[in-house]
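User: I should like to learn how to read the features of a protein model. May we take them one at a time?

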Amino acid sequence: MSKDIITAPAGNADTLSTPAIVLRRVAYGDNDWIVSLLTLTQGKLAVMAKSAKKSVKRFGGILELFSVLDVVCDTGPRRRLPLLREAVLTLPYAHIRADITKTAYASYWGEILNTWMMEGKPESELYHLFQWALTSLDTGAAPIDVLSVVFQLKFLSASGLAVPTERCGGCGLGIDAVSYPRLGFDARRGRLLCRHCGGDAPGLLPLSKGTLKLLFWVGTQSLSHIHRVRFTAASETESTRLLEALISIHMGRKLNSLQFLHNLKHTTGDNP
């Protein structure tokens, strides 16, 4: 799914070469950018792109959001931020930036990673997950809502926040043994509850057995098999509400990009 890692030149410990995905960029002065990258080898990394606004030869048109690059940075100990020396565009994902809905979803996924990840901590599983999601979004390989469910579910699992879907968190009864067709999810406590354990209490998120089984299946599959998954409209709605609630709780707030996505859905009539 990604290119081979580019190793730094031998004998130069202050140079970093790695594949990277652009998460965010912020103007710095009149000519520079501070660019937040999700790198394969170093996790999240903020770098200084000197003269990036005016240097067409070095960075013209390639430091766009979600672009996949091969970057070379100077990381000397005296630098406050690594200096971006070279960047080669490998995957532009132009179809994402040309579509406001795709841009909104990609921005939400990117903000999740940018908010959650620690600077300089390698997270190769999250790197590959994000690149898979962007590639699928760019090519239209699966419905967008399904991609978002898969991304959020896999993100939570990779971050040690797996969603319990197999049994009641109160009595321990497996969902197949529960006599009622729906259970409730306590998002703040992160547990599933059958009706006897309070699963029908106000404020809990309702989940059908079918939705729970589908989420469990998705959670156990490799990304190469995910494109075969099919959600009913009801399961997609239940899954989306659950995962967005969990993400907001774990992030400590509702992300700005999620609010924009909801507003966009309301405008286009896509809200459930």
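User: In which helix is Phe216 found?

Analyst: This is a predicted model, so every value discussed is computed. Phe216 is found in helix α6.

User: Is Phe216 buried, partly exposed or exposed?

Analyst: A residue is called buried when its relative accessible area is under 20% and exposed when that area is over 50%, with partly exposed in between. Phe216 has a relative accessible area of 37%, and therefore counts as partly exposed. Leaving aside residues up to four places away in sequence, Phe216 touches Thr165 and Glu166. A distance may also be read between residues separated in sequence: Phe216 and Leu246 are 30 residues apart along the chain, and their C-alpha atoms are separated by 16 Å.

User: What span should helix α6 have, and how far apart are its end C-alpha atoms?

Analyst: The helix has twelve residues, 209-220, and at 1.5 Å a residue it should span 16 Å. Its end C-alpha atoms are 17 Å apart, which agrees.

User: Which residues of α6 are buried, and against what do they pack?

Analyst: The buried residues are Lys209, Thr211, Leu212, Leu214, Leu215 and Val218. They pack against the helices α5 (144-158) and α7 (233-251), and also against β6 (182-186), β7 (191-193) and β8 (205-208).

User: Why do residues three or four places apart in an α-helix point the same way?

Analyst: An α-helix has 3.6 residues a turn, so residues three or four places apart point the same way. In α8, the residues Ser257, Leu258, Leu261, His262, Leu264 and Lys265 are buried. Seen down the axis of α8, these buried residues fall within an arc of 160 degrees, so they line one face of the helix. Asn256, His266 and Thr267 are exposed on the other side of α8. The cover over the buried residues of α8 includes α3, α5 and α7.

User: Which residues other than glycine have a positive phi?

Analyst: Phe66 has a phi near 75 degrees, a positive value in a residue other than glycine. Phe66 lies in the loop between α1 (56-59) and β4 (68-74), and its relative accessibility of 2% means that it counts as buried. Tyr93, likewise not a glycine, has a positive phi of about 50 degrees. Tyr93 is found in the loop between β5 (83-91) and α2 (94-97), and is buried, with a relative accessible area of 4%.

User: How many cavities of 30 Å³ or more does the structure hold, and what lines the largest?

Analyst: A cavity is space from which a probe cannot get out, whereas a pocket is open. The structure holds one cavity of 30 Å³ or more. The largest cavity contains about 40 Å³ of space. Its lining consists of Tyr105, Asp145, Ser148, Val149, Gln152, Glu236, Thr240, Glu244 and Lys265. At least two lining residues come from each of α5 and α7, and α5 gives the most, with four residues. The lining divides into two nonpolar, three polar and four charged residues.

User: Where does Met117 lie, and is it buried or exposed?

Analyst: Met117 lies in the loop between α3 and α4 (124-139). With 5% relative accessibility, Met117 counts as buried. Not counting residues up to four places away in sequence, Met117 touches Leu38, Gly43, Lys44, Glu123 and Leu126.

Definitions and conventions. Residues numbered from 1 in each chain as written. Predicted model: local features only at pLDDT ≥ 70, side-chain atom pairs only at ≥ 80, totals over all residues. Heavy atoms only, no water. Expected span 1.5 Å × (residues − 1). Buried < 20%, exposed > 50% of the residue type's maximum accessible area, 1.4 Å probe, protein only. Contact = heavy atoms within 4.5 Å. Arc of directions from axis to C-beta. 1 Å grid on protein atoms, 1.4 Å probe; cavity = no way out; pocket = protein on both sides within 12 Å on 5 of 7 lines; lining within 4 Å. Points joined across faces, edges and corners; volume = space filled by probe spheres on them. Nonpolar A, V, L, I, M, F, W, Y, C, P; charged D, E, K, R; others polar.
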